[in-house]
Amino acid sequence: MEKQLNEDDIKLSADMDTDADLVKKSDNVEMDSDTATDTSAQLDDLEMLQQEDLAQVNQTLSSLQDLFEKQIARNQNQTEMFDKIYAEMKEYKESFLLEVLHKPIIHNLIQLYDSYGMLETQLDDILNGSEETLPDELNQFRKNLENFRFKLEEVLYRMDVTPYKDSLDTLDRHLHKTRKVIPSEDPQQDQKIAEVHKIGFHWREKVFRPEEVTIFRYIPDTQKSENPINVSPSNEKGGGIDG
C-alpha cells in the first residue's frame, strides 16, 4: 500500500513538473509574442519617424527652392532695373554733353568751317583773276583772313580763353616758353624777347599756353672764349595748363 502511494506521488510529481513546464513554455511563448509585437511596433514607429523626417526634408528643400527662385527672380529684376537706369543715365549724359558742352562748340566750329570755305573760294578767284585787280583782291583777302582770326578769338572767348593782351619785352618764365636763344654781347639785351613765334593764351586768368619766343642771352667775351655756351632752350621753358 505504501509502495503504491509512493508511486502515485512520483507520478503526481511528474505530472506537476510536466504542467509546470507547460506553463513555463506557455509563458515563454507569450513573452516571445509580446517581444515580437514590441519589435514590430518599434519598427513601425521608426518607419513613421523616417517618413516624417523625409517629409520634413522635402518640405525644407521645397522652401529653399522657392527662396532660390524668388532670389533669382529678384536678382534678374535688379539687373534689368540697373541696366535700365544705366541706359537712362548714359542717354542723359550724352544729351547733357551735346546740349551744354558740345553743341555750342560744334556750332561755332561749323561757322568757322563755312568761313574757311569762303576763303578758299576767294583764293581760287584771286588765282584765276587778272593781274590788274590782283593787289586789291589780295588786300581784301588779307582783311578776310584777319576777320577769320577774330571769329576764332570770339569762339575761344566764349570758352573763357583769351590771347595775351600785351607781349612783354622781357622773358617771364611763367608766361613764356623759350624756343631759341640768340647770344648777345650787349648786357642790356640779356633776357629780352627777340621774336614771338606763337601767341600765349589765358584761361580764366591762368596761363593755358605759354607764349613761344626767341630771347637774347648776354655772353661776355671772356666766357665765350673759355666755355662756348650751349644755346639750347631746354632750361628756359615756361609751363601752362596743357603742359
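Glu212 and Arg179 form a salt bridge (a side-chain nitrogen of Lys or Arg within 4 Å of a carboxyl oxygen of Asp or Glu), with their closest N and O atoms 2.7 Å apart. This pair links distant parts of the chain, since Glu212 lies in strand E6 (residues 211-218) and Arg179 in strand E2 (residues 176-184), 33 residues apart. The model is predicted, with local features requiring pLDDT of at least 70 and side-chain atom pairs pLDDT 80 or more, while totals for chains, interfaces and linings use all residues. Residues are numbered from 1 along each chain as its sequence is written, and side-chain values use heavy atoms, leaving out hydrogens and water.

**Salt bridges**
- The structure holds five salt bridges.
- Glu212 is buried at 13% relative accessibility, whereas Arg179 is partly exposed at 40%; buried means under 20% relative accessible area, exposed over 50%, and partly exposed in between, with a 1.4 Å probe and protein chains only.
- Glu154 and Arg158 form a salt bridge with their closest N and O atoms 2.9 Å apart; both residues lie in helix H2, four residues apart, about one turn of the helix.
- Glu154 is partly exposed at 44%, and Arg158 is partly exposed at 47%.

**Aromatic pair**
- One aromatic pair is counted, where rings of Phe, Tyr and Trp (its six-membered ring) pair if their centres lie within 6.5 Å, and planes under 30 degrees apart count as stacked, over 60 as edge-to-face and the rest as tilted.
- The ring centres of Tyr116 and Phe148 are 6.2 Å apart and their planes stand at 50 degrees, so the pair is tilted.
- Tyr116 lies in helix H1 (residues 2-128) and Phe148 in helix H2, so the pair ties together parts 32 residues apart in sequence; helices (H or I, at least four residues) and strands (E, at least two) are DSSP runs, numbered from the N terminus.

**Pockets**
- The largest pocket holds about 190 Å³ of space; on a 1 Å grid over the protein atoms alone, a pocket is an open set of points where a 1.4 Å probe fits, with protein on both sides within 12 Å along at least five of seven lines, and lining residues have an atom within 4 Å of a point.
- Helix H2 (residues 134-158) gives the most to the lining of the largest pocket, with four residues.
- The second largest pocket has a volume of about 150 Å³, and its lining residues include Asp160, Trp203 and Glu205.

Technical notes. Grid points are joined across faces, edges and corners, and a volume is the space filled by probe spheres set on the points.
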